[in-house]
Amino acid sequence: HGRRGPVYACALLLFIGVVSFFHFPFYTLGISIVVAVAVEGCLHQKHGGLHLHRSKKAALLFALALTVSLGGLWGARATVLAEGPEETLDVSELEEVRRAMHLYPTDGVLLSALSLQARGEGDPERALALARRAFILRPHPQQEFLLARTLAITGDLEESAEVYRELLRADRRSVGLYNQIQPRLRRDLRDSELRAHAYSEASAGRLSVFARHLLSEEGATSAIDFALALAAKRPERAEAHLLVIDLYRRADQVELAEMYARALVARNLVAPDNRRPAGLAELLDIMKKEDRSHEGRTLADRAFSSGLETPEFARSVFELRPDNPRDLTDRDRRLFTAAVEIGCRPPYEQSYRAQCWIARAYMAEAAGDLEEAQSLLERVERHHDDPRELGAFFARQGECQQLAGVQRRNRGGRYIHHLERQTPICARYE
């Protein structure tokens with residue numbers, strides 16, 4: 001485009017060069033766009049300002065020098081931030097870091113890079129000193145993670161566990177780092193007591209994730225040892241005890257899970273939702289899964305008699321109902337009537353609406369009010385797209401044509417196999 005064509009070409013070349021120079025895209029876009037705009041602005045400047053339009057070569061040289069100097073500093077910082085505490089730097093990156101250190105001798109990110117390099121060169125003591133200094137100057141989760149790793153490498157496992165504990169505290173916002181922390185902590189801290197100390201103040205979600213990784217990567221013994229150590233270290237934390245029960249069940253050690261749940265209920269420790277004794281819901285669920293719902297109903301009846309009447313517990317009790325309302329005893333009828341009244345007393349959360357409609361329909365069927373039961377179950381199908389209970393109801397009543405109608409409406413749906421299994425049951429009652 002005329003006499004300015006070569007100048008624009010040089011500016012575009014500079015822009016592309018900056019893009020190819022950087023590895024980290026955010027710095028690439030940020031710096032290179034600023035440089036391109038600055039060059040173009042200088043070329044179009046006619047009055048006032050720095051009058052750089054009088055020397056196009058000077059403008060380009062100035063932009064190039066600014067880009068390279070900023071690129072050196074930010075490229076080195078980006079390398080350290082992007083790479084985890086596992087990585088070391090190559091020769092060119094190390095030189096960039098050392099040059100930047102002359103300008104910013106108290107930069108925690110650059111000190112972290114030198115710590116990584118010292119560790120890679122087999123100098124753990126210097127690596128630890130640099131990691132400590134980096135964390136003091138920049139108390140950021142990335143530097144704290146580096147310090148924890150370096151302490152473990154130098155053999156200071158107890159202090160490493162303490163740093164990990166601070167890093168994993170429930171109120172710390174280091175979520176983005178967690179996927180890096182979890183596998184490295186497993187390698188750094190092999191002892192269950194140290195792992196329990198590191199996770200002693202972590203959230204229940206992080207405890208569960210770490211325990212499941214231990215279960216899949218190291219086996220049931222390692223995972224359960226960790227959970228038991230955590231429960232011993234923090235006996236007041238219900239989450240730790242519930243984790244033990246969960247891991248026993250995942251490892252198919254149901255008897256141990258039941259024993260631990262019974263002992264936990266006897267301690268009267270409050271569950272995380274502060275609405276029931278910890279372990280009670282888990283114990284009832286174990287009984288249900290083991291086809292011992294009658295024992296669970298006896299236990300629930302005692303709990304109601306002792307004054308435990310929370311909606312959450314009542315809804316869990318209703319899951320112990322027999323498949324057929326005709327099988328209810330007088331005691332069961334009283335128990336489930338109380339469970340429905342307590343668990344489905346308005347107002348309740350919208351997420352429990354379907355469960356409460358099913359519960360009320362079940363008790364209506366038990367009382368012989370089949371019209372009310374059918375109406376409630378049709379609501380569940382219509383509003384929640386779940387026809388299973390309605391299909392089972394028609395099967396129990398021997399209404400096979402009605403059941404076939406439900407099957408036709410849901411042909412190709414996710415519950416069709418469940419509905420088809422009701423056909424022989426319906427033939428039995430027809």
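This is a predicted model: local features need pLDDT of at least 70, side-chain atom pairs count only at pLDDT 80 or more; totals for chains, interfaces and linings use all residues.
**How helix 6 and helix 7 pack**

- Two packed helices are described by the angle between their axes and by the distance between those axes.
- Helix 6, which covers residues 124-137, packs against helix 7, which covers residues 141-153, at an angle of about 155 degrees, and their axes lie 9 Å apart.
- Because angles over 145 degrees count as roughly antiparallel, helix 6 is described as roughly antiparallel to helix 7.
- The crossing in which helix 6 passes helix 7 is left-handed.

**The largest pocket**

- The largest pocket holds about 860 Å³ of space, and of the 30 residues that line this pocket, R321, P322, D323, E389 and R396 are the closest to its centre.
- Sorted by class, the lining of the largest pocket is made up of 12 nonpolar, 6 polar and 12 charged residues.

**Helices that supply the pocket lining**

- At least two residues of the lining of the largest pocket come from each of helix 16 (293-305), helix 19 (353-366), helix 20 (370-384), helix 21 (388-397) and helix 24 (423-429).
- Helix 19 gives the most to the lining of the largest pocket, contributing 6 residues.

Definitions and conventions: Residues are numbered from 1 along each chain as its sequence is written. Side-chain values use heavy atoms; hydrogens and water are left out. Axes are lines fitted to C-alpha atoms, for helices over the stretch in contact, and angles run from 0 to 180 degrees between N-to-C directions. Helices (H or I, at least four residues) and strands (E, at least two) are DSSP runs, numbered from the N terminus. Angles under 35 degrees count as roughly parallel, over 145 as roughly antiparallel, 65 to 115 as roughly perpendicular and the rest as oblique. A crossing is left-handed if the near helix is turned anticlockwise from the far one by less than a right angle, and right-handed if clockwise. On a 1 Å grid over the protein atoms alone, a cavity is a set of points where a 1.4 Å probe fits but cannot get out, and a pocket is an open set with protein on both sides within 12 Å along at least five of seven lines; lining residues have an atom within 4 Å of a point. Grid points are joined across faces, edges and corners, and a volume is the space filled by probe spheres set on the points. Ala, Val, Leu, Ile, Met, Phe, Trp, Tyr, Cys and Pro count as nonpolar, Asp, Glu, Lys and Arg as charged, and the others, Gly among them, as polar.
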